[in-house]
Every structure is written in structure tokens, then in C-alpha cells.
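Here are a few notes to read alongside the structure. Take them in any order you like.

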Amino acid sequence: MPKDKFFKEIPNVVHPNEKLVSTHCSYCGMQCGMKLRVDTTQNKIIGVEPRYDFPVNLGKMCPKGVTAYQQVNHPDRIERPLIRDDASLKGTPDGFREASWDEALDLIVKRFKELQDKYGKDTLSVYSGVSMTNEKCYLTGKFARVALQTRYIDYNGRFCMSSAAAGFNRSLGIDRGSTVPWTDINQTDCLFIAGSNAAECHPTSMFRIWEVQNRGGYLIVADPRETPLARRADIHLDLRPGTDLALANGMVHLLIKNGHIDEAFIRNHTNGFEDTAELVKEFTPEYVSEITGIDADKIIRAADIYGRAPEAIVMFCRGVEQQSKGTDNVSGYTNMALITGKIGRPKSGVATFTGQGNGQGGREHGQKADQLPGYRKMDNPDHVREVACMWGIPEEEMPQKGVSAYEMFQLMIDKTIRANYLLCSNPTVSAPNQHHVREAFKSLDFMVCCDFYLSESAEYADVVLPVSTWAEDDGTTTNLEGRVIRHRQAQDWYAESKPDWWIQIEIAKRMGRGQYFEHLKNPADIFDELRRMSKGGTADYSGITYEKIDEQNGVFWPCTDENTQGTPHLFLDKKFYTKDQRALICALPYRPPAEEPDAEYPLRLTTGRVVFHYLSGNQTRRIPFLKAMYPDPLLEVHPETAKQYGIEHDEVVLLKTRRGEVRYKVKIIAAIRPDTVFVPYHWGKEESVNLLTNPALDPYSRMPEFKACAAQIIKLEGVLHNG
Ligand SMILES: Nc1nc2c(c(=O)[nH]1)N[C@H]1C(S)=C(S)[C@@H](COP(=O)(O)OP(=O)(O)OC[C@H]3O[C@@H](n4cnc5c(=O)[nH]c(N)nc54)[C@H](O)[C@@H]3O)O[C@H]1N2
Ligand SMILES: Nc1nc2c(c(=O)[nH]1)N[C@H]1C(S)=C(S)[C@@H](COP(=O)(O)OP(=O)(O)OC[C@H]3O[C@@H](n4cnc5c(=O)[nH]c(N)nc54)[C@H](O)[C@@H]3O)O[C@H]1N2
Ligand code: SF4
Ligand SMILES: [Mo]
């Protein structure tokens with residue numbers, strides 16, 4: 001198979017006693033190619049070099065990527081298992097003692113069995129994440145259902161990609177984050193990007209976005225804040241948080257009114273146009289302006305540009321998805337592409353910027369509450385039968401479907417769930433309504449946390465298991481394009497740490513379920529099982545091999561047999577993955593956010609990210625450069641609003657919502673709507689903005705409303721500036 005056309009090998013200076021290992025960054029869905037520098041005398045990772053031969057980033061990296069290697073041999077690494085004997089210290093970093101693997105694993109299995117004997121199999125739960133390889137994500141689903149035999153498993157992607165997944169499944173019948181490869185983005189004529197701070201969150205996408213404008217194309221951005229992306233836009237649609245569905249319906253209204261629709265495409269390849277056309281009739285620019293706060297003229301111009309563009313890509317990110325109507329927002333924006341026929345061909349389509357490194361692959365192989373490998377569904381009896389048969393377990397042994405991540409916390413509080421196995425996530429920072437989440441972890445009879453640093457969540461555990469990092473293991477991830485790529489082990493497992501797959505297989509054996517796991521000796525064995533299991537599912541990896549990934553610089557799924565190359569562009573044959581192969585244009589009535597501002601809470605609080613930190617911050621708050629660049633969370637307030645409250649830059653104020661209150665230092669910034677305030681969420685404990693956020697869930701995706709709730713600022717008299 002030919003190498004990708006971007007392939008270009010650039011020689012590196014390699015120092016004596018050093019080797020370079022070609023791999024990918026651990027953080028975001030861009031999965032930038034990079035090389036780790038390894039000191040071969042000590043077998044230690046000591047640095048990083050860019051890698052030009054990966055077509056997505058072409059050698060570019062962001063501040064997190066260039067310092068990612070510093071995680072690996074960091075002094076905070078947990079070296080051996082930790083056991084807490086005194087449960088009264090739960091919720092603190094104190095009271096742990098070091099233990100051997102045998103002692104820790106035996107204790108876990110003893111407690112799991114005791115609890116299951118007393119309260120039934122489903123008393124155990126697994127809470128997982130997608131900063132792990134496909135191999136680990138797949139095995140975690142099997143571990144929960146076959147080794148622990150519980151129905152309760154869900155993962156942090158519930159807070160990340162779940163609305164994109166639900167919206168794409170409904171509209172297109174398939175949940176692959178992008179219908180085009182990233183190398184198409186710079187070649188299109190118009191980008192319509194909603195709710196993405198790409199310059200900070202997917203920075204190595206920016207050169208492609210700028211190229212569209214440099215070639216005379218257009219950039220339209222919908223965001224309540226004037227992010228660096230919005231600042232460069234031809235049109236910035238500065239909407240109120242939580243009002244995207246009105247904007248999407250307004251765009252569709254204008255595209256129809258202006259005749260910018262593709263009637264043949266609508267007739268031959270879609271359903272639902274008439275109902276949608278009827279519904280959007282009332283979404284005139286004036287009405288949409290009233291709801292969103294955007295000038296009607298800007299909406300008219302944006303629709304005209306998108307409508308006229310020969311090729312266009314609609315893109316979005318968590319700004320539109322992390323709402324209690326995130327799924328509808330995704331389908332609403334996807335409607336723009338469907339009515340104009342700007343999908344299913346090169347340079348046109350829809351794409352969500354996938355968040356976590358393996359946010360795409362990690363949601364395909366069965367660690368969601370309602371899903372089995374190959375993107376099979378637990379409510380489909382045929383799918384359940386197929387998977388049970390392949391795993392070699394009786395069909396009646398297959399657990400039922402469980403509940404979503406946030407809903408698991410309620411079950412912990414009411415004691416339906418008494419034990420939790422947490423890996424690759426830090427929910428006591430990242431889940432909404434923290435008071436509730438922390439109470440849930442405290443109320444567990446037994447909790448295990450697998451991490452390489454003692455996270456805020458590990459502080460609630462009875463046993464902490466030290467895992468090896470991304471740089472100490474082989475495996476694959478699937479990047480934001482749907483391209484399956486290889487990560488390579490660059491050094492041995494740190495101290496006594498073990499990879500997640502090793503730990504799960506050991507626990508399975510001790511639970512008496514070893515026969516289903518013992519044949520898996522390494523990531524390659526697990527990948528082999530994963531790809532066989534995926535055959536015939538929507539996310540079909542059966543034709544993907546490690547060798548093919550190397551040869552082609554990644555393989556796009558679906559890839560249904562070893563002789564095909566994979567599928568960089570979806571729907572080139574205009575066949576969607578729905579039952580009748582037609583896409584669904586969705587008629588979506590507008591509804592406001594679950595909590596609207598009122599006299600008591602007059603502001604809209606939205607939350608998100610900064611370029612220097614990653615998610616719960618457990619990995620980045622320890623890296624000296626990143627910490628120095630952005631040490632503490634700041635509350636972004638518009639100058640007019642600051643004046644109204646009589647508060648100054650750097651002053652510490654109280655930010656309050658119906659869930660709680662937190663003190664923040666104020667950053668006065670004109671690049672935000674006056675009715676909106678913003679706080680990044682990368683900090684825990686008493687600084688966590690998730691003490692304030694609203695857990696109202698989207699009815700389809702069960703995504704919480706991280707992006708819009710009502711808030712008030714209280715000036716703290718007598719508190720010194722600079723806190
Ligand atoms: N530096 C950095 N990069 C990351 C991450 C990180 O933690 N740090 N995390 C990765 C992950 S897992 C994810 S999910 C992605 C997230 O990437 P993004 O979604 O780009 O990041 P956010 O900051 O969550 O939110 C994006 C934007 O949504 C806007 N917004 C808020 N409310 C609304 C609204 O109602 N409508 C619209 N249209 N916009 C709104 C915010 O102002 C913000 O600019 O980033 C990935 N990359
Ligand atoms: N207010 C607010 N809250 C949000 C969001 C928001 O925009 N606003 N965004 C949400 C989004 S999009 C996301 S993705 C979530 C993320 O939320 P979390 O899942 O809590 O985020 P991480 O910080 O990635 O947590 C991963 C943990 O696992 C560890 N880890 C990393 N790799 C591995 C591994 O291979 N194995 C194991 N066992 N551990 C590993 C890390 O050290 C870290 O402690 O937060 C959500 N929460
Ligand atoms: S853009 Fe994402 S993948 Fe690339 S270096 Fe930065 S964090 Fe890593
Ligand atoms: Mo995410």
C-alpha cells in the first residue's frame with residue numbers, strides 16, 4: 001500500500017546513547033505525531049522531537065505536547081500499590097501504605113467477592129476513560145461484563161463525545177467524528193465552526209483553518225467568547241450560551257429561503273426535509289437574534305456565505321454538545337450540510353473536534369453502559385447473542401445495560417452500587433455538581449483507583465493501583481478523523497507500575513474468570529481479538545492490522561477486510577448508515593437551557609479550557625512550564641459587567657450558583673459577552689468550577705449541561721486583592 005502523500009522523512013540529529021521512538025502525543029484527539037527521545041543507557045525517556053511524517057500535524061505541536069514526555073519519569077509517579085487501612089481518612093491524600101501487587105490484588109478480589117455474595121453481581125461498577133488505547137478500552141468493557149459480571153460500566157466520554165455520538169447516529173447512522181480526513185479542511189471554501197476554541201484546544205488544526213482564509217475562503221465562528229479563532233473569523237456569531245439550536249434552525253431557515261438547497265440530494269438521500277422546513281419557518285433572523293443575542297445582519301451574511309460556498313465543512317465542539325440539548329444541537333448543525341448536499345464528497349461534510357486522545361476509538365469498543373464491541377447495542381438481542389458467543393459465555397450471563405456516568409453516582413449514594421473500579425478518569429474534578437459526586441465516592445464500601453499520579457479521585461480510594469503511562473505501552477488509538485494509529489512503548493514500565501490490561505487480566509484470573517482472558521498476553525493479542533469482535537459491527541476494524549497502520553500512516557475505519565485501504569471519506573456513494581441508507585434531516589423545536597438567568601442569578605456561567613492545561617489537570621498541573629503559565633483558575637468577566645459589580649482585575653470574588661459557591665480571581669477581558677462569565681475547569685477541591693455546574697442531562701446522550709447555568713458574582717468586602 002502506498003505511503004500517505006504527505007509522507008516525508010526528515011532526518012534527526014540522534015545523540016550517542018539515544019534512540020528516537022515514533023509515536024503520538026497523549027493528550028487531545030489530534031494525536032499529533034511525535035518522536036520520544038530515549039536515553040538507552042538508562043532506558044529513560046528524556047525529551048521529544050517533532051515528526052513531520054504524520055499528515056495531521058505535519059511536525060506542529062502545542063505547549064502540552066512538547067512537555068508531555070515530562071509526565072513519564074515525574075517524581076509524583078506512584079511506584080507501587082497503595083492500600084488504605086483507615087477508612088476515616090477517605091477523601092484525603094493521607095493514610096495510604098505501600099503494598100505488594102499480590103496483597104493489593106488479593107484484597108480487591110476478596111472485597112469484590114464479599115460484596116457480590118451479599119448484594120448481587122451488579123453491586124460492582126467500573127468507571128473508565130479514553131486516554132487509553134483501543135486495546136485497553138476494549139478490554140475494560142470485557143473486564144466489566146465477563147470478569148466482574150456487572151452491568152454498571154460507563155466512562156468519561158459521557159461528558160465529552162456522547163452528544164456528538166447520539167446526534168451523528170441519529171442524523172447519519174454512524175458515529176465517526178469527521179466525515180472527511182483533516183487534510184480536506186484546508187482545501188474547503190467555507191468553515192462554519194460552532195462552540196470550539198480550536199486555537200487552544202486543537203491548536204495544530206489552526207494552520208489548516210487559516211489556509212482556508214488565505215486562499216480566499218471564509219471562516220464563520222459561533223461562540224459567546226471572542227476566542228483567538230473567533231477573532232480571526234470573517235463573521236463572529238457571538239451567541240448567548242445555550243442558544244445554538246435557535247441559530248442552527250435560523251441558518252436552515254435562510255438556506256431554504258435563499259434557495260441554497262440541493263433538491264436532488266434531499267429527494268434521493270434524506271428523510272425529514274418537509275417537517276424541518278415547516279418547523280424552521282418561524283426562525284427568521286429577527287426571531288433568532290432575539291433568542292441568541294446575535295445581530296440579525298450577521299446571521300443573514302453567515303447563511304449567505306455558507307449557502308454560496310461550493311464546498312463547506314460544518315464543525316463543532318463541546319460548546320454546542322455539552323448542553324442539555326447537545327444531541328439536538330449536533331443534529332441541528334448537521335441539517336445545514338444535509339439540506340445543501342454539502343456532505344458525502346471531498347472537502348465538504350461535518351466534523352466534531354474529538355476531545356480526548358482516544359475519544360473516538362474509546363467509544364466504539366464497548367465501555368459504554370449500553371454498548372458492546374464493534375459499536376453493537378445492548379438493546380439488540382442479535383448483537384448480545386453475537387458478542388456472548390464470541391466471548392464464549394452463555395447468553396444469559398451477559399449483563400443488562402447499565403446507566404450513564406453521572407447516574408452511577410446516584411446509585412452509589414442509594415447503595416445500589418457499593419464498589420467502584422475507577423481507571424483513567426478523575427471525576428471528583430470533572431463531573432458536574434461535585435458535592436453530590438464526592439458524597440457518592442465517600443458512600444462506597446470499597447473503591448479502587450488506577451492512575452499514575454495520586455489524583456483528587458484516588459484520594460477516595462481504598463486501593464490505588466499504579467499504572468504505566470501511554471509512553472510505556474504499545475497499542476492503537478483512533479484520532480479525531482477516525483484514523484487508527486500506533487503508539488509505541490518507549491521505555492519499560494516505570495517502577496512497579498503495570499499497564500491497565502495486565503491488571504485487569506490478573507483480577508479476572510483471581511475472580512475465577514481467567515479462562516476468558518488468559519490467551520491475551522500483550523496489546524497485539526488484544527487488538528487481534530478486538531478486530532475480530534468488531535467484524536460486521538458499524539465500527540468495523542476487522543481489516544486493520546498493526547502492519548497496515550505502519551504502511552499507510554494510519555487506517556480509517558470502517559475497514560472491513562485486509563485487502564481494502566479503509567475509508568478516509570464517508571458516504572462517497574451517498575449511502576448513509578441508517579436502515580434505509582438515507583440521512584435524517586431533523587425537525588428540532590427550540591428549548592432554552594435547563595436553567596435560565598433570573599433576578600437572583602442574572603449571569604450565564606460557561607466553562608471550558610485553556611491551552612496550558614488538560615481536563616482535570618491531574619497530568620498538566622504537575623508540569624512546571626504549564627503550571628507557571630497558568631497557575632490558578634481565573635473568572636473571565638466583561639469590563640462592563642465588572643464595572644456594574646464594582647470589581648477589578650485580580651480581585652477575588654465569590655461566584656455562586658444554585659449548587660454552590662467558589663472564590664475566584666477575576667480576569668477582566670473584553671472578549672466575552674457582558675451577560676456571560678467563563679471559568680476553566682482544570683482545578684479540583686475548593687477551586688473546582690464543577691461545584692457550580694448544572695447536572696441537567698440531555699435526554700438522549702445523558703450529557704450534563706457544562707456550558708450554561710445561571711450564576712451571580714458576590715463582591716467580597718475586605719478581601720485583599722491578589723487573594
Ligand atoms: N488545551 C486543552 N486542549 C484540549 C483539552 C484540554 O483540556 N485542554 N481537552 C480536550 C478535550 S477532552 C475536549 S472535549 C476538547 C474541547 O474543546 P473545545 O470544545 O474547543 O473547548 P471548551 O473550552 O470546552 O469549549 C469550547 C468553546 O465553547 C464555547 N461555548 C460555551 N458555551 C457555548 C454555547 O452555548 N454555544 C457555543 N456555540 N459555544 C459555546 C466556549 O466559549 C469555548 O470557547 O479539547 C481537547 N483539547
Ligand atoms: N465544567 C466542566 N467539566 C467538564 C468539562 C467541561 O468542559 N466543563 N469537560 C468534560 C470533558 S469533555 C471531559 S473529556 C472530562 C474529562 O474528565 P476526566 O476523565 O476526569 O479527565 P482526565 O484529567 O483525563 O482524567 C484522567 C485520569 O486518568 C489518568 N490517566 C491517564 N492515562 C491513563 C491510563 O492510561 N490509565 C489509567 N488508569 N489512568 C490514566 C490521569 O492521570 C487522570 O488522573 O471532563 C468533563 N468535565
Ligand atoms: S494539539 Fe493535541 S495532540 Fe497535538 S501536541 Fe497539542 S495536545 Fe498533543
Ligand atoms: Mo472531552
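1. Let's start with the rings: the structure holds 23 aromatic pairs, where rings of Phe, Tyr and Trp (its six-membered ring) pair if their centres lie within 6.5 Å, and planes under 30 degrees apart count as stacked, over 60 as edge-to-face and the rest as tilted. Take phenylalanine 283 and tyrosine 287: their ring centres are 5.3 Å apart and their planes meet at 55°, so this pair is tilted. Phenylalanine 283 is buried at 2% relative accessible area, while tyrosine 287, at 26%, is partly exposed. (Buried means under 20% relative accessible area, exposed over 50%, partly exposed in between, with a 1.4 Å probe and protein chains only.) Phenylalanine 571 and phenylalanine 576 make another tilted pair, 4.5 Å centre to centre with 40° between the planes, and both are buried. Ring pairs also tie Tyr127, Tyr406, Phe409, Phe441 and Tyr460 into a cluster.

2. A word on the ground rules: this is a predicted model, in which local features need pLDDT of at least 70 and side-chain atom pairs count only at pLDDT 80 or more, while totals for chains, interfaces and linings use all residues. Residues are numbered from 1 along each chain as its sequence is written, chains are lettered from A and ligands numbered from 1 in the order in which they are written, and side-chain values use heavy atoms, leaving out hydrogens and water.

3. Have a look at two arginines too. The charged end of arginine 84 sits over the ring of phenylalanine 96, 4.1 Å from its centre, and arginine 225 lies over the face of phenylalanine 678, at 3.6 Å from the ring centre. (The test is NZ of Lys or CZ of Arg within 6 Å of the ring centre and within 35 degrees of the ring normal.)

4. Next, helix 19, residues 500-510: eight of its eleven residues are buried, so the rest of the structure largely encloses it. Among the buried ones are Asp500, Trp501 and Glu506. Glycine 512, which follows helix 19, has a positive phi near 80°. (Helices, H or I with at least four residues, and strands, E with at least two, are DSSP runs numbered from the N terminus.)

5. Finally, strand 26 (residues 661-668). Strand 24 (residues 634-637) runs parallel to strand 26, joined by four bridges, with valine 637 partnering isoleucine 668. Strand 25 (residues 652-656) pairs with strand 26 in the antiparallel sense over five bridges, and there valine 653 partners tyrosine 664. Strands 25 and 26 form a hairpin with four residues between them. (Pairing takes at least two DSSP bridges between two strands.)
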